Amino acid sequence: MDIQSCVEVCNEWDIVSARQLGRNMAKELGFGNVDQARITTAISELARNIYLYAGSGKICLEPVEQMGRKGLRIIAVDNGPGIRDIRKVMEDGYTTSGGLGAGLPGVKRLMDEFTIDSTIDSGTEILATKWLR
Amino acid sequence: MRIPILKLHEYLLITIQVELDDQTALQFQEDLLNKIHDTGAKGVVIDLTSVDMIDSFIAKVLGDVVRMSKLMGAQVVLTGIQPAVAITLIDLGISMREVPTALDLEQGLDKLQLELEG
């Protein structure tokens, strides 16, 4: 099960497919109920960001192993406009779409590791990992 | 996909048993407000026992529908939020502070009754 699984995100229904894939993989890897919900929610937020701000992109999920620890990594990639001010989007309550502004700072809290890499006019890549406890 | 809305005396009961996509959630918002208008319902219980994930979008739609219903004169209670969902919402930074909640359908109906009588 070392293979990456990806879901292309171009519409609202792809958000549902991405989180269903996440729920199934998290369950298979042995994550408990609460962490399954955390992972699924994080995927939903990241997929919605792709759909809202970049138009299209993909969510990939892969099982990871590091120093005897097992986990699940979410990779959210898009070729959208990029994020101009990363510090700003990591603030709670900041939104440009009329949402709650909970997305990215929320994903960071839901997951154990979080990195964001964004280049203006070329796209954004977010990696978020949850480790099995 | 449409979420069924049941009428019970002066209440409306909804139990969400499908994986909520954005369109279904927004359609539900509209359907519920229309149903309140058509039936003159005073109270609404939205049961979330079968919902295993609430992200910020669904949280916003639910919070909004509670406020919209209130504008029309109907009181809404959310019931049955699962432990994992409660934990995830707080992690996300969403407290839904102004939204009335109850442990289950029974307590939700009790809460409505108390508020409508008092």
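Where in chain A is Asp121(A) found? Asp121(A) sits in the loop between β4 and β5 of chain A. This is a predicted model. Chain A contains an open sheet of five strands, and chain B has four helices and five strands. The contact between the chains draws 23 residues from chain A and 19 residues from chain B.

**The sheet of chain A**

- The five strands of the open sheet in chain A follow the order β1-β2-β3-β5-β4, and their pairing is antiparallel.
- At the edges of this sheet are β1 (5–9) and β4 (113–119) of chain A, each of which pairs on one side only.
- From one strand to the next, the twist averages 15 degrees.
- Strands of a sheet pair through backbone hydrogen bonds, in either a parallel or an antiparallel way.
- Five bridges join β1(A) to strand β2 (residues 57–66) of chain A, in the antiparallel sense.
- Opposite Cys6(A) stands Cys60(A), which belongs to β2(A).

**Helices across the sheet**

- Helix α1 of chain A, residues 12–29, lies across β1, β2 and β3 (69–78) of chain A.
- The direction of α1(A) is at about 165 degrees to β1(A).
- Helix α2 of chain A, residues 33–54, lies across β1, β2, β3 and β5 (123–131) of chain A.
- The direction of α2(A) is at about 15 degrees to β3(A).

- Asp121(A) counts as exposed because it has 8 C-beta neighbours inside 10 Å, and the cut-off for exposed is 12 or fewer.
- Leaving aside residues up to four places away in sequence, Asp121(A) touches Pro81(A) and Gly82(A).
- Pro81(A) is 40 residues from Asp121(A) in sequence, yet their C-alpha atoms are 4.4 Å apart in space.

**Chain B on its own**

- Read from the N terminus, the elements of chain B run β-β-α-β-α-β-α-β-α.
- Chain B has a radius of gyration of 13 Å, close to the 13 Å that the globule rule gives for 118 residues, so chain B is as compact as a globular protein of that length.
- Along the principal axes, the C-alpha atoms of chain B fill a box of roughly 35 × 30 × 25 Å.
- Buried residues make up 36% of the 118 residues of chain B.
- Of the contacts in chain B between residues at least 6 apart in sequence, 79% join residues at least 24 apart.

**Where the chains touch**

- The contact takes 19 residues from chain B and 23 residues from chain A.
- On the side of chain B that touches chain A, the elements giving two or more residues are α1 (22–39), α2 (56–72) and α3 (83–92) of chain B.
- The largest share of that side, six residues, comes from α3(B).
- By residue type, the side of chain B that touches chain A has eight nonpolar, four polar and seven charged residues.

**Annotated domains**

- In an unreviewed entry, UniProt lists residues 34–133 of chain A as "domain: Histidine kinase/HSP90-like ATPase".
- Residues 34–133 of chain A are 33% helix and 36% strand, with end C-alpha atoms 12 Å apart.
- For chain B, an unreviewed UniProt entry gives "domain: STAS" for residues 1–112.
- Residues 1–112 of chain B are 47% helix and 18% strand, and the end C-alpha atoms of this span lie 28 Å apart.

Notes: Residues are numbered from 1 along each chain as its sequence is written. Chains are lettered from A and ligands numbered from 1 in the order in which they are written. This is a predicted model: local features need pLDDT of at least 70, side-chain atom pairs count only at pLDDT 80 or more; totals for chains, interfaces and linings use all residues. Two strands pair if DSSP finds at least two bridges between them. Axes are lines fitted to C-alpha atoms, for helices over the stretch in contact, and angles run from 0 to 180 degrees between N-to-C directions. Two residues are in contact if their C-beta atoms, placed from the backbone, lie within 7 Å. A residue is buried if 20 or more other C-beta atoms lie within 10 Å of its own, exposed if 12 or fewer, and partly exposed in between; C-beta atoms are placed from the backbone. Ala, Val, Leu, Ile, Met, Phe, Trp, Tyr, Cys and Pro count as nonpolar, Asp, Glu, Lys and Arg as charged, and the others, Gly among them, as polar. UniProt positions are given in the numbering used here, feature names are shortened, and annotations may be inferred rather than shown by experiment. The radius of gyration is taken over C-alpha atoms; the globule rule is 2.2 Å times the number of residues to the power 0.38.
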